[in-house]
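Here are a few exercises to work through with the model open in your viewer. Try each task before you read its solution.

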Amino acid sequence: MTLNPGERLRRLWQRRRDPRGERGRRGAKREREVIEEIAADFTTEELQEFLEADRNPVPADPEFKEELREKLWRMIEERRASGEGS
């Protein structure tokens, strides 16, 4: 199965990001390095295709939005009931 450019970007970013979450000069430099590494893994055409989606937004299906809202609410309620959310 071939991943689309967006999924490949997400996976690469997660794999290469700084696990300690460093901030400041070193963190910014490392983040720039990671972005450059990720960009090197894609062709210009793939990146362009990925960016094209911003120009033609697709409206969300109202049924999908409602199902997602309900699912997220259930997750919040479950976390609150288990004490994880505090």
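The exercises below go from confidence to the core and then to salt bridges.

This is a predicted model, where local features need pLDDT of at least 70, side-chain atom pairs count only at pLDDT 80 or more, and totals for chains, interfaces and linings use all residues. Residues are numbered from 1 along each chain as its sequence is written, and side-chain values use heavy atoms, leaving out hydrogens and water.

**Exercise 1.** Find where confidence is lowest and highest in the protein chain.

Solution. Start with pLDDT, the predictor's confidence in each residue, from 0 to 100. The chain's mean is 80, and 80% of its residues reach 70 or more. Next, go by element (helices are DSSP runs of H or I, at least four residues, numbered from the N terminus). H1 comes out lowest at a mean of 72, and helix H4 (residues 62-82) highest at 94.

**Exercise 2.** List the residues of the largest nonpolar core.

Solution. Look for buried (under 20% relative accessible area, 1.4 Å probe, protein chains only) Ala, Val, Leu, Ile, Met, Phe, Trp, Tyr and Cys residues joined through side-chain atoms within 4.5 Å. You get five: Leu 9, Leu 12, Val 34, Ile 38 and Phe 42. Helices H1 (5-16) and H2 (24-40) each give two or more of them.

**Exercise 3.** Examine the salt bridge between Arg 80 and Glu 77.

Solution. The rule wants a side-chain nitrogen of Lys or Arg within 4 Å of a carboxyl oxygen of Asp or Glu. Here the closest N and O atoms are 2.8 Å apart. Both residues sit in helix H4, three residues apart, about one turn of the helix. Arg 80 is exposed (over 50%), at 57% relative accessibility.
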